[in-house]
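Here are my notebook entries, written for someone meeting this structure for the first time. Please have a look at it before reading on.

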Amino acid sequence: MPLPILTDLGLTNHEATAYELLLRMGESPVADLIKEMGVHSQIVYRALEGLEEKNLVMTSFRRHRKYVQAEDPTLLRRFEERKLQELDQVLPQLLSLKSNS
């Protein structure tokens, strides 16, 4: 079970699990992550795609194998700050929708 704060920040359960495992494992072949997670490989690849979109993992290829590595956890703060900035941009629109009751 991943740390609840990771899912609170918007990561799926599988993304949070993969991220935590990669922090512990360091740079690892995807096959090792699949083995550690104990779920179907497609689930792991989807989790990695989500983490890549959030810039929380780095990928590389060596000898025809894909390696992944978790980015520094301090990037989670930037991830949350971006979400807050997006909210700040749409907040005026949301407030204009509020009826004057």
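I began with a pair of helices and found that α2 passes α3 in a right-handed crossing (right-handed if the near helix is turned clockwise from the far one by less than a right angle, left-handed if anticlockwise). Helices here are DSSP runs of H or I with at least four residues, strands are E runs of at least two, and both are numbered from the N terminus.

I noted that this is a predicted model, where local features need pLDDT of at least 70, side-chain atom pairs count only at pLDDT 80 or more, and totals for chains, interfaces and linings use all residues. Residues are numbered from 1 along each chain as its sequence is written, and side-chain values use heavy atoms, with hydrogens and water left out.

Next I looked up the geometry: the axes of α2 (residues 13-25) and α3 (residues 30-37) come within 10 Å and cross at roughly 115 degrees. Axes are lines fitted to C-alpha atoms, for helices over the stretch in contact, with angles from 0 to 180 degrees between N-to-C directions.

Which residues meet there? From α2 I listed H14, T17, A18, L21, L22 and M25, and from α3 D32, L33, E36 and M37, with contact meaning heavy atoms within 4.5 Å.

Then I turned to backbone angles. N55, in the loop between α4 (41-53) and β2 (57-62), has a positive phi near 60 degrees although the residue is not glycine. H64, in the loop between β2 and β3 (65-70), is another non-glycine residue with positive phi, near 65 degrees.

Buried or exposed, I wondered of H64? H64 counts as exposed because its relative accessibility is 86%, while N55 is partly exposed at 44% (buried is under 20% relative accessible area, exposed over 50%, partly exposed in between, with a 1.4 Å probe and protein chains only).
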